[in-house]
Amino acid sequence: MSEDRIPEINSFFRLQWEEAQNSFVLLYPEGMVKLSQSAGEILKRINGKSSVQDIIRDLQSAFPDVDLTSDVITFINQATENGWLNR
Amino acid sequence: MVGSTANLSGMPLWLLAELTYRCPLQCPYCSNPLEIASYKNELSTDDWLKVLREARKLGAMQLGLSGGEPLVRKDLELIVKEGADLGYYSNLITSGVGMDEERVVALKEAGLDHIQISFQASDKELNDFLGGTSSFQHKLDMARAVKANNYPMVLNIVIHRQNIDHIEDILKMTVELKADYVELASTQYYGWSALNVNSLLPSREQLERAESIAHAYQDQYRNKMKILYIVPDYYETRPKACMNGWGSVFLTIAPDGRALPCHAAASIPDIEFPNVKDRSINYIWNDSDAFNKFRGFGWMKDPCRTCPEKEKDFGGCRCQAFKLTGDATNADPVCSKSPHHQKLSDKVAGLQDVHQLQGAPIVFRNMSNSKSLSDNSD
């Protein structure tokens with residue numbers, strides 16, 4: 001996957017912060033996925049405008065202590081495979 | 001790094017609002033109770049809005065708007081709007097009858113997230129026969145309107161002896177309509193379908209053929225359309241994890257306001273189900289006897305009590321245990337560890353001859369049959 005890619009959430013899913021779960025969730029017809037903190041942090045930055053590179057840069061400034069590049073790329077690939085992101 | 005975690009329990013994540021039992025269709029496999037004619041006092045709009053608010057406060061995220069046919073309710077748009085304002089993901093579960101393109105648009109504007117349309121079959125003749133009304137062409141039109149208005153679309157087809165041999169045509173239809181998600185839901189035998197089991201349970205041979213076709217389509221359309229194929233549990237040897245456990249994540253509100261841990265629960269006698277007109281959702285979910293009755297594992301008897309799989313399937317379905325054994329605390333007889341399993345297997349074995357059973361009379365789901373059934377039982 002190129003870091004120039006601009007990922008987009010599949011319109012089948014809705015990303016939402018859930019206070020009761022203290023986490024982001026993905027909601028879809030008759031189902032839901034509770035997201036880990038890191039998955040939520042990545043997905044909330046996916047807005048159909050930012051490239052993977054922009055997202056990594058933004059996350060890196062929020063979490064400067066560790067190199068996140070490979071984690072973000074792995075997650076975006078997995079999320080695409082899951083159908084959460086448009087191919 | 002993994003996206004999801006499973007630990008969501010303790011809250012009524014799923015609110016199923018059965019807005020009405022009125023319905024223009026008469027499907028003989030309907031999971032509504034046989035007593036639909038006795039539900040006279042439907043909740044008011046304000047009652048429903050209160051239910052939505054209170055359940056959301058307890059953590060509910062998914063809102064199912066069901067029935068009967070929910071489109072019968074003139075206040076559906078108002079209920080949808082409240083659901084959207086509260087942050088629910090809302091699902092309209094409909095036959096499509098009572099909808100037109102204008103209403104599809106109005107519901108979108110009110111904030112509806114998703115529409116699920118049911119089909120009875122993939123051709124006009126069988127669809128209209130099973131639904132007891134001429135609706136096939138309208139359903140096709142509504143499915144196209146749903147897609148045209150950018151809703152995710154789920155098509156639901158209840159599968160049984162009368163339509164299972166058409167499964168390939170059914171799948172072709174769903175591909176043609178560009179469904180995002182297809183539920184091929186084998187009939188489960190509650191309510192009207194239990195009454196019609198002799199006409200509805202497919203043979204093992206029919207089932208195996210249908211399953212292999214469904215799997216081939218699942219492979220072929222993997223990235224385009226998700227196909228869920230639910231087998232009839234009468235053919236299984238382990239029970240389904242019904243409702244993910246009693247009082248675990250599901251909250252159903254019947255049209256008259258009775259709160260149920262699943263939509264069939266009212267079939268279990270001697271449980272007093274609380275009503276949202278008298279009690280808060282908080283009390284109902286956390287404190288009522290009805291919702292605590294089969295929660296957890298304390299109520300179990302053997303073989304469930306000592307079973308290593310009890311945390312996986314929760315002993316199966318309480319309604320089915322009652323229906324088939326007369327005692328809701330027994331193991332679901334689908335389970336081969338149940339002392340009642342053999343009786344169920346014998347019953348299923350007796351329903352294998354498709355040709356002999358093809359002419360069995362079908363009782364359609366309608367108010368008039370509901371009334372005469374309750375008159376007979378008096």
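Reader: Which residue of E3(B) does B:Trp14 stand opposite?

Author: This is a predicted model, and in it B:Trp14 stands opposite B:Gln62 in E3(B). As a general idea, strands of a sheet pair through backbone hydrogen bonds, either parallel or antiparallel. Here, strand E2 (residues 14-18) and strand E3 (residues 62-66) of chain B pair in the parallel sense, and the pairing runs over five bridges.

Reader: In what order do the strands of the sheet in chain B stand, and which strands are at its edges?

Author: Nine strands of chain B form an open sheet with mixed pairing, and the order to follow across the sheet is E8-E7-E6-E5-E4-E3-E2-E9-E10. Strand E8 (226-230) and strand E10 (259-260) of chain B stand at the edges, and because each has a single partner strand, one side of each is left without a neighbour in the sheet.

Reader: Which strands does helix H1 of chain B lie across, and which strands does helix H5 of chain B touch?

Author: Helix H1 (residues 45-57) of chain B lies across E2, E3 and strand E9 (250-253), and its direction is at about 170° to that of E2(B). Helix H5 (residues 136-148) of chain B also packs on the sheet, where it touches strand E5 (114-119) and strand E6 (153-159), with an angle of about 160° between its direction and that of E5(B).

Reader: How should I read the packing of two helices, and at what angle do H6(B) and H9(B) cross?

Author: Two packed helices are described by the angle between their axes and the distance between the axes. For helix H6 (residues 167-176) and helix H9 (residues 204-220) of chain B, the axes come within 9 Å and cross at roughly 25°. Because angles under 35 degrees count as roughly parallel, H6(B) is roughly parallel to H9(B), and the crossing of the two is right-handed. From H6(B) the contact is made by B:Ile167, B:Glu168, B:Leu171, B:Lys172 and B:Val175, and from H9(B) by B:Ala210, B:Ile213, B:Ala214 and B:Tyr217. Sorted by class, this contact of H6(B) with H9(B) has seven nonpolar residues, two charged residues and no polar ones.

Reader: Which residues of helix H13 of chain B are buried, and against which helix do they pack?

Author: An α-helix has 3.6 residues a turn, so residues three or four places apart point the same way. In helix H13 (residues 318-325) of chain B, the buried residues are B:Arg318, B:Cys319, B:Gln320, B:Ala321 and B:Leu324, and these pack against helix H14 (341-349) of chain B. Just after H13(B) comes B:Gly326, which takes a positive phi of about 85°.

Reader: Which residues other than glycine have a positive phi near 60°, and where are they placed?

Author: Among them is A:Glu30, with phi near 60°, placed in the loop between strand E2 (23-28) and strand E3 (31-35) of chain A; A:Glu30 is partly exposed, at a relative accessible area of 26%. Another is B:Asn244, whose phi is also near 60° and whose place is in the loop between E8 and E9 of chain B; B:Asn244 is partly exposed, with a relative accessible area of 40%.

Reader: Where should I look for cis peptide bonds in chain B?

Author: One is the peptide bond from B:Gly67 to B:Gly68, with omega near 10°, and B:Gly68 is found in the loop between E3 and helix H2 (76-86) of chain B. Another is the bond from B:Asp302 to B:Pro303, with omega near 5°, where B:Pro303 lies in the loop between helix H11 (289-292) and helix H12 (310-313) of chain B.

Terms used. Residues numbered from 1 in each chain as written. Chains lettered and ligands numbered in written order. Predicted model: local features only at pLDDT ≥ 70, side-chain atom pairs only at ≥ 80, totals over all residues. Heavy atoms only, no water. Axes fitted to C-alpha atoms, helices over the stretch in contact; angles between N-to-C directions. Helix = DSSP H or I, 4+ residues; strand = E, 2+ residues; numbered from the N terminus. Parallel < 35°, antiparallel > 145°, perpendicular 65-115°, else oblique. Left-handed = near helix turned anticlockwise from the far one by under 90°. Contact = heavy atoms within 4.5 Å. Nonpolar A, V, L, I, M, F, W, Y, C, P; charged D, E, K, R; others polar. Pairing = 2+ DSSP bridges. Buried < 20%, exposed > 50% of the residue type's maximum accessible area, 1.4 Å probe, protein only.
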